[in-house]
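Open the model in your viewer and keep the sequence panel beside it. This tour goes from one selection to the next and says what is there.

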Amino acid sequence: MTEREKMLRGELYDAYDEELCELREKCRQAVREFNSLSASDTAERRKLLDGLLASAGKNAFFLNVSFDYGVNTRIGDEFSANFNFTVLDCAEVSIGDHVLIGANVTLATPMHSLIAEERNFQVGADGRRRLYEYAKPIVIEDNVWIASGVTVCAGVTIGRNSVIGAGSVVTRDIPPNSLAYGVPCRVIREIDPDKDRIF
């Protein structure tokens, strides 16, 4: 089994594997090109997105973005991300339709050991450096708003119609129709479809 296959299965893998390093560099080149384009250059940006991501729905919009791999991320229709959206997609990242992402949001799927010597670089008999980690998928369901400065950690699902308040660190699943915020993020209350309307 390749290190890439191990990564996608949630197993321990070497992040400094040659194939993975090449995939990350290819992604970074595409991201640099994407981020250098004007937001109004929609045709060229769309072409790059289609080559970068596993899938991107209709009217998917990013101001600027960073991915580890890109090919492990799926995004639905009518998606919008503000400045500095970071997706560490070592595991699959699935984002639904009508999702809004505020500035400086990070989705981080990688996990490292709590034991220092296990998460430190290892040097094999061949002299090559290795870094072992594993990853857990992130799911953001339809109609979610993630406000500015939020970090979503590995293995989390954010339920449909939920709102995550600014500056939160989401370490656990958030059920549908929830207003949640804090460090760590917790559900404050259910969103009221009548009282919470603004028009």
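Is Asp-196 buried, partly exposed or exposed? Select it: Asp-196 is partly exposed, with a relative accessible area of 32%. Buried stands for under 20% relative accessible area, exposed for over 50%, and partly exposed for what lies in between, using a 1.4 Å probe and protein chains only.

Before going on, note that this is a predicted model, in which local features need pLDDT of at least 70 and side-chain atom pairs count only at pLDDT 80 or more, while totals for chains, interfaces and linings use all residues. Residues are numbered from 1 along each chain as its sequence is written, and side-chain values use heavy atoms, with hydrogens and water left out.

**Salt bridges**

The term covers a side-chain nitrogen of Lys or Arg within 4 Å of a carboxyl oxygen of Asp or Glu. Arg-189 is partly exposed, at 38% relative accessible area. The structure holds nine salt bridges.

Next, select Arg-46 and Asp-50. Both lie in helix α3, four residues apart, which is about one turn of the helix. Helices here are DSSP runs of H or I with at least four residues, strands are runs of E with at least two, and both are numbered from the N terminus. The two side chains form a salt bridge at 2.9 Å, N to O. Asp-50 is partly exposed at 45% relative accessibility, and Arg-46 is partly exposed at 25%.

**Helix α2**

Now select residues 18-36, which make up helix α2. This helix has 19 residues and reaches 27 Å from its first C-alpha to its last, close to the 27 Å expected at 1.5 Å a residue; the expected span is 1.5 Å times one less than the number of residues.

Colour the buried residues of α2: Leu-20, Leu-23, Arg-24, Cys-27, Ala-30, Val-31 and Phe-34. Looking down the axis of α2, you will find its buried residues within an arc of 130°, so they line one face of the helix. The arc is taken from the directions that run from the helix axis to the C-beta atoms. Glu-18, Lys-26 and Ser-36 are exposed on the other side of α2.

At the start of α2, show Asp-17: one of its side-chain oxygens comes to within 3.2 Å of the backbone nitrogen of Glu-19. Further along, the side chains of Glu-25 and Arg-32 meet in a salt bridge of 3.3 Å, N to O. Glu-25 is partly exposed, with a relative accessible area of 33%.

**The sheet**

Move to the five strands that form an open sheet, in the order β4-β7-β10-β17-β20, with parallel pairing. β4 (65-67) and β20 (169-170) are at the edges with a single partner strand each, so one side of each has no neighbour in the sheet. Two strands pair if DSSP finds at least two bridges between them. Strand β7 (residues 85-88) and strand β10 (residues 106-108) pair over three bridges. Select Val-87 and then Leu-107, its bridge partner in β10.

**Loops**

Which residue lies in the loop between β8 (93-95) and β9 (100-101)? His-98 is found there. The phi of His-98 is near 55°, a positive value in a residue other than glycine.

In the loop between β9 and β10, select Asn-104. Asn-104 has a positive phi of about 60° although it is not a glycine.

Finish at Pro-184, in the loop between β21 (178-181) and β22 (186-190). A cis peptide bond joins Val-183 to Pro-184, with omega about 0°.

Notes. Polar contact = N/O pair within 3.5 Å; in protein donor to acceptor, adjacent residues only side chain to side chain.
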